[in-house]
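Please read these notes with the sequence and the structure open beside you. They are numbered so that each point can be checked separately.

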Number of protein chains: 2
Amino acid sequence: MKTRIGVVAPSCPIDDAVAEGVTARARALYGEAVELVFHPQCFLSAGHFAGEDHVREAALVEAANDPGLDAIWFARGGYGACRVAAGAIARLGAAARRKTYLGYSDAGTLLGGLYGRGIGTVAHGPMPVDIRRDGGEAAVDRALRWLVERDPASLEPGLDGERPAAAFNMTILSMLIGTPLQPNLSGHVLLLEDVGEYHYRIDRTLCHITSNPGIQAVAGIRFGRVSDITPNDRAFGHEADEIAAHWCRVSGIRHLGAADIGHDAANRVVPFG
Amino acid sequence: MKTRIGVVAPSCPIDDAVAEGVTARARALYGEAVELVFHPQCFLSAGHFAGEDHVREAALVEAANDPGLDAIWFARGGYGACRVAAGAIARLGAAARRKTYLGYSDAGTLLGGLYGRGIGTVAHGPMPVDIRRDGGEAAVDRALRWLVERDPASLEPGLDGERPAAAFNMTILSMLIGTPLQPNLSGHVLLLEDVGEYHYRIDRTLCHITSNPGIQAVAGIRFGRVSDITPNDRAFGHEADEIAAHWCRVSGIRHLGAADIGHDAANRVVPFG
């Protein structure tokens, strides 16, 4: 039976080269058994975004509600999902509830909102745009193997299969705290990663996240890679791993070690729940 | 009767020149009738901060609980107040409840936490470090005139004296959302400002703030200056005032116009409540 994967871009656009590269990987792995359906919206541009808000929302709703698609793969992050997430999620129907959703970074806004409402199977993992990274074909292959056949080799290796899990970009999770899109993560192992922030912002973001009573109910946090830290005019004085340890200690949340996720080609898949 | 104002630095340090400049302004305005008491902690440096967490917390607690001080003036922002706010506030006693607290930017973490617990008179306004700005003496004079004699000319001119008000740096308020330090701002006119952020982050921060049910209970928002916007590799496509209007429209929060606050020498005083 053919697997059909819809690609939409709720944040920023991709270009034809990304679509062609990812399509070539799907063909190499699965031939005609997998079809990638790139919504034309993926290639639009309106200021920062892959089309105006109503256009991105409509594409997401159309693809998610399409009974002929098995999965929705978010094309890339950037920024913009929060402008369409609540509106789109409110419009999802029965077909959307049977689907799988995969993405990370800014797409975490949607992962959180969907998971919080129990819509579909939600996972944090590589996106089509990752084909542009060094070694990006491996990231795309890893995502496809999970989307198509739930290959256990794609999974983040520390998942124990017993406790529920969830994964987020720290900054994106911070922006969900205290909003209707914040999911209940009680008892979950929470995996966090980030990219392109100052040390002081990583610290501030973790202060925020770990101060929230809902997050304090997690089973523990595992820390993925915090990459491309922005140089500041003041040296912070603590590295990212010390910052993580600090906020776990202060909040009483268990620090469960490292996680193999991040803004890089090695980013592994973390299914929610 | 002499007014004694304690200065502490819960975030980043100041130097002697700031203390001397501000002391000279207090003397010029009030002679011997006003004494500025710079806690030695203001001049410490430990990585990013004006001393280690426990040192900054101890200085704040000591000054706030000192019955011989009438007011606490936060020396500057930067980053760091969130690492000491909850711990310090839990240790405040009767003398702290009779005091006035003034600051902005990162100090908003303390303003929010103090106001939420009904501790003292809390206000958003210029800090000692503002003496370094072009025209900074006017900012310092404005703050002193409010601290010492509640000069109405120091106040943000749109305050109506009827509805309660509160003012925050947007990013700092965002980091309080969903935490025990988030104050109840129901029925308040909320004034917001920000500095040194990308357009997309201003947008994301306002999405976050305006999505919170507690913030949706405000009487409305007035927008101060959003300055030094960081250039991005993608033009955002909307200016800060359009972003503000967008999120008020989406959230149903009333947009009550402009506010005369910001990271500049013109920043006016906004007493909370």
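**Notes on the predicted model**

1. The model is a predicted one. UniProt, in an unreviewed entry, lists this stretch, residues 5–122 of chain A, as "domain: LD-carboxypeptidase N-terminal".

2. Is helix 5 of chain A enclosed or open? Helix 5 covers residues 108–116 of chain A, and seven of its nine residues are buried, so the helix is largely enclosed by the rest of the structure. The buried residues are Gly108(A), Thr109(A), Leu110(A), Leu111(A), Gly112(A), Gly113(A) and Leu114(A). After helix 5 of chain A comes Gly118(A), which has a positive phi near 65°.

3. Now the packing of helices. Two packed helices are described by the angle between their axes and the distance between the axes. In chain A, the axes of helix 8 and helix 10 (residues 240–251) come within 10 Å and cross at roughly 20°. Angles under 35 degrees count as roughly parallel, and helix 8 of chain A and helix 10 of chain A are therefore roughly parallel to each other. The crossing of helix 8 of chain A past helix 10 of chain A is right-handed.

4. Helix 1 (residues 16–30) of chain B packs with helix 6 (residues 136–149) of chain B at an angle of about 55°, and their axes are 10 Å apart. That angle makes helix 1 of chain B oblique to helix 6 of chain B. Helix 1 of chain B also passes helix 6 of chain B in a right-handed crossing.

5. How many aromatic pairs are there over all chains? The count comes to 18. One of them joins Tyr200(A) and Tyr79(B), a tilted pair with 5.7 Å from centre to centre and 40° between the planes. This pair crosses between chains: Tyr200(A) is in helix 8 (residues 199–211) of chain A, while Tyr79(B) is in the loop between strand 3 (71–74) and helix 3 (85–90) of chain B. Both Tyr200(A) and Tyr79(B) are buried.

6. Phe38(B) and Phe43(B) form another aromatic pair, tilted, with ring centres 6.3 Å apart and planes 40° apart. Phe38(B) has 16% relative accessibility, so it counts as buried. Phe43(B) has a relative accessible area of 31% and is therefore partly exposed.

7. Aromatic residues from chains A and B also come together in one cluster, formed by Phe49(A), Tyr79(A), Tyr198(B), Tyr200(B) and Phe236(B).

8. Arginine and tryptophan meet in each of two chains. In chain A, the charged end of Arg150(A) sits over the ring of Trp146(A), 4.1 Å from the ring centre. In chain B, Arg150(B) lies over the face of Trp146(B), with 4.1 Å to the ring centre.

9. Most residues other than glycine have a negative phi, and most peptide bonds are trans. Arg150(B) has a positive phi, near 50°, and is not a glycine. This residue is found in the loop between helix 6 and strand 6 (165–169) of chain B. Its relative accessibility is 36%, so Arg150(B) counts as partly exposed.

10. Asp228(B) is also a non-glycine residue with a positive phi, about 50°. Asp228(B) lies in the loop between strand 8 (220–227) and helix 10 (240–251) of chain B. With 62% relative accessibility, Asp228(B) counts as exposed.

11. Last, Asn212(B) is placed in the loop between helix 8 (199–211) and helix 9 (213–216) of chain B. Is Asn212(B) buried or exposed? Asn212(B) is buried, because its relative accessible area is 5%. Asn212(B) and Gly178(B) are 34 residues apart in sequence, and their C-alpha atoms are 8.1 Å apart in space.

Key
Residues are numbered from 1 along each chain as its sequence is written. Chains are lettered from A and ligands numbered from 1 in the order in which they are written. This is a predicted model: local features need pLDDT of at least 70, side-chain atom pairs count only at pLDDT 80 or more; totals for chains, interfaces and linings use all residues. Side-chain values use heavy atoms; hydrogens and water are left out. Rings of Phe, Tyr and Trp (its six-membered ring) pair if their centres lie within 6.5 Å; planes under 30 degrees apart count as stacked, over 60 as edge-to-face and the rest as tilted. Helices (H or I, at least four residues) and strands (E, at least two) are DSSP runs, numbered from the N terminus. Buried means under 20% relative accessible area, exposed over 50%, partly exposed in between (1.4 Å probe, protein chains only). A charge sits over a ring if NZ of Lys or CZ of Arg is within 6 Å of the ring centre and within 35 degrees of the ring normal. Axes are lines fitted to C-alpha atoms, for helices over the stretch in contact, and angles run from 0 to 180 degrees between N-to-C directions. Angles under 35 degrees count as roughly parallel, over 145 as roughly antiparallel, 65 to 115 as roughly perpendicular and the rest as oblique. A crossing is left-handed if the near helix is turned anticlockwise from the far one by less than a right angle, and right-handed if clockwise. UniProt positions are given in the numbering used here, feature names are shortened, and annotations may be inferred rather than shown by experiment.
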